[in-house]
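This report describes selected packing and backbone features of one protein model. The sequence and the structure are shown first, and the description follows.

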Amino acid sequence: MSKTIAFVMIDRPADWEYGPLAGAAHAWFGVDVVSASIDGTPLTTMGGLTLQPHARLAELDPLEADLWVVPGSALWDEAPAPEAIVAALRLRAAAGRPIAGICGGTRGLAAAGLLDERAHTSNEPGYLDEVAAYRGKAHYRDATCVSDGGVVTAPGSSPISFAEACLRIVVPEQAEGIAQMRAMFARDFG
């Protein structure tokens with residue numbers, strides 16, 4: 001049975017945050033990857049590339065895909081989380097389906113109430129305090145990546161730890177390959 005990761009994006013997604021996960025999942029672990037934006041129109045990444053989403057957000061079934069990933073974007077810092085994304089995240093979480101957010105994407109998770117009762121992290125202590133609906137400050141952890149109750153969070157500086165945690169959810173039977181992937185990336189920082 002094929003496994004799928006859906007990347008739920010807003011304009012100007014941070015290439016380095018979702019790139020390691022998307023590339024490794026698809027090329028090394030045979031996971032299907034799809035992307036969606038609110039209206040399905042092309043996005044411009046922070047790196048200046050054009051990204052054509054596979055779907056509009058409304059076309060994604062919140063119960064399908066093995067994992068939804070919300071990457072960061074400068075836009076998460078400039079405006080409240082889009083209500084369409086917040087509502088879709090709430091539906092998915094209510095069904096107990098895994099969700100991950102990195103960098104500014106954690107603001108979308110916070111706006112949906114997904115971090116109120118779970119251990120989580122983000123870019124820095126206080127970063128999520130600007131999200132009006134956020135009630136999870138007591139559960140914040142200053143860490144490279146946190147996975148709790150089917151929700152993975154990471155700061156934008158930890159795309160490899162984030163990819164590793166996400167892959168452990170989607171392809172747990174591939175633990176050895178995931179460890180090899182992490183070791184390969186770690187050589188760059190050794």
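A nonpolar core is a set of buried Ala, Val, Leu, Ile, Met, Phe, Trp, Tyr and Cys residues joined through side-chain atoms within 4.5 Å. In this predicted model, the largest such core has 29 residues, and Trp68, Leu89 and Leu109 have the most contacts inside it. Two or more residues are given to this core by each of strand 1 (4-9), strand 6 (67-70), helix 3 (83-94) and helix 4 (105-111). Helix 3 gives the most, with 5 residues.

Beyond its neighbours within four places in sequence, Leu109 is in contact with Val70, Leu89, Ile99, Ala100, Gly101, Leu114, Leu115, Val151, Val152 and Thr153. A second, separate core has 28 residues, including Phe29, Cys103, Ala154 and Ala163.

Ala163 also takes part in a helix contact. Helix 5 (residues 159-170) and helix 6 (residues 175-186) pack at an angle of about 175°, and their axes are 10 Å apart. Because of this angle, helix 5 is roughly antiparallel to helix 6. On the side of helix 5 the contact is made by Ile160, Ser161, Ala163, Glu164, Leu167 and Arg168, and on the side of helix 6 by Ala175, Ile178, Met181, Arg182 and Phe185. By residue class, this contact comprises 7 nonpolar, 1 polar and 3 charged residues.

A further point concerns the cysteines. A disulfide is a covalent bond between the sulfur atoms of two cysteines. The whole structure has 0 disulfides. Cys103 counts as buried because its relative accessible area is 16%, under the 20% limit. Cys145 is likewise in no disulfide, and the nearest cysteine sulfur, that of Cys166, lies 6.7 Å away.

The backbone angle phi is considered next. Most residues other than glycine have a negative phi. The residues tabulated below have a positive phi although neither is a glycine.

| Residue | Phi | Location |
|---|---|---|
| Cys103 | about 55° | loop between strand 7 (99-102) and helix 4 |

Are these residues buried or exposed, or in between? Arg12 is partly exposed, with a relative accessible area of 31%, whereas Cys103 is buried at 16%.

How values were computed: Residues numbered from 1 in each chain as written. Predicted model: local features only at pLDDT ≥ 70, side-chain atom pairs only at ≥ 80, totals over all residues. Heavy atoms only, no water. Axes fitted to C-alpha atoms, helices over the stretch in contact; angles between N-to-C directions. Helix = DSSP H or I, 4+ residues; strand = E, 2+ residues; numbered from the N terminus. Parallel < 35°, antiparallel > 145°, perpendicular 65-115°, else oblique. Contact = heavy atoms within 4.5 Å. Nonpolar A, V, L, I, M, F, W, Y, C, P; charged D, E, K, R; others polar. Buried < 20%, exposed > 50% of the residue type's maximum accessible area, 1.4 Å probe, protein only. Disulfide = S-S within 2.5 Å.
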